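Colleague: I would like to learn how to read a few features of this model from the coordinates. Could we go through them one by one?

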Amino acid sequence: LGEDGKYSIGADETVAIAEMNGKGYLTLAAALKAIDGEGTIKLLQDTTEHFEVSADQKITIDLNGKTLTDSNSGFVVLGELTIKDLVGGGKISNKAAIVVDGDSAKFTLNSGAIECTEDYGIYCMNSGTAIINGGSIDSLYAPLTGNNTKGNMNFEIHGGTLTAAQGPAIYMPGQGALTITDGVLNGGISLRMGQVN
């Protein structure tokens with residue numbers, strides 16, 4: 001990856017989408033595939049694609065002021081995914097929710113924005129966990145949700161802003177834990193069961 005942000009392939013030069021450890025990748029999916037275990041990826045360009053974080057991965061994505069748009073039906077997190085935006089103005093733009101699936105699955109938002117125009121924001125199932133430390137989630141329905149037919153859900157809110165266009169900011173219809181220490185909820189909470197701190 002050169003200083004101009006281009007990745008050379010033979011005689012051709014193509015703009016890299018993502019960078020990891022000084023190496024450029026033509027897609028975010030390619031960067032994710034190159035990670036064995038744990039790694040941090042920085043976006044270099046706006047990109048539209050679909051990806052899955054596998055159960056054995058711990059991934060951090062720095063949006064770097066760019067826009068990541070899902071090309072399918074919502075990103076899937078089976079391992080751990082942390083989103084940050086060190087520059088400002090970065091966002092994830094989805095139609096469908098980000099799915100956090102499994103008791104070892106964890107999604108953390110430290111900074112940056114998530115916009116979900118046609119669905120929930122983060123959907124936790126089978127004891128998945130969503131942690132919001134900062135940033136914002138704006139979605140049509142609840143930014144944090146689950147379904148009691150899909151297993152437990154766990155939510156932690158330590159900052160940031162959750163905004164629902166319709167309904168509550170947090171919808172917790174199943175068992176699990178809800179912890180709130182800070183942050184702004186535009187839409188309130190709908191809680192049917194579970195433990196609240």
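Colleague: Between which two strands does the loop that holds Asn126 lie?

Modeller: Please keep in mind that this is a predicted model. Asn126 lies in the loop that runs between β16 (122-125) and β17 (128-132), and its phi is positive, about 55°, although Asn126 is not a glycine.

Colleague: Which other loop residue has a positive phi although it is not a glycine, and where does Asn21 lie?

Modeller: Asn21 has a positive phi of about 55° without being a glycine, and Asn21 is found in the loop between β3 (18-20) and β4 (23-25).

Colleague: Is Asn21 buried or exposed, and why does Asn126 count as partly exposed?

Modeller: Exposed means over 50% relative accessible area and buried means under 20%, with partly exposed in between. Asn21 counts as exposed because its relative accessibility is 76%, whereas Asn126 counts as partly exposed because its value is 37%.

Colleague: How many bridges join β10 to β13?

Modeller: Strand β10 (residues 76-77) and strand β13 (residues 98-101) run parallel and are joined by two bridges, and within this part of the sheet Val76 stands opposite Val99 in β13.

Colleague: How many aromatic pairs does the structure hold, and why is the pair of Phe51 and Phe75 called stacked?

Modeller: There are two aromatic pairs. Planes under 30 degrees apart count as stacked, and the rings of Phe51 and Phe75 have their planes at 25° and their centres 4.3 Å apart, so this pair is stacked. The pair links distant parts of the chain, 24 residues apart, with Phe51 in the loop between β6 (47-49) and β7 and Phe75 in the loop between β9 (67-70) and β10. Phe51 is buried, with a relative accessible area of 4%, and Phe75 counts as buried at 1%.

Colleague: What of Tyr120 and Tyr141, whose rings also pair?

Modeller: Their ring centres are 5.4 Å apart and their planes stand at 50°, so the pair is tilted. Because Tyr120 lies in the loop between β15 (113-116) and β16, and Tyr141 in the loop between β18 (136-139) and β19 (144-145), the pair ties together parts that are 21 residues apart in sequence. Tyr120 is partly exposed, with a relative accessible area of 26%, and Tyr141 is partly exposed, with 32%.

Conventions: Residues are numbered from 1 along each chain as its sequence is written. This is a predicted model: local features need pLDDT of at least 70, side-chain atom pairs count only at pLDDT 80 or more; totals for chains, interfaces and linings use all residues. Side-chain values use heavy atoms; hydrogens and water are left out. Helices (H or I, at least four residues) and strands (E, at least two) are DSSP runs, numbered from the N terminus. Buried means under 20% relative accessible area, exposed over 50%, partly exposed in between (1.4 Å probe, protein chains only). Two strands pair if DSSP finds at least two bridges between them. Rings of Phe, Tyr and Trp (its six-membered ring) pair if their centres lie within 6.5 Å; planes under 30 degrees apart count as stacked, over 60 as edge-to-face and the rest as tilted.
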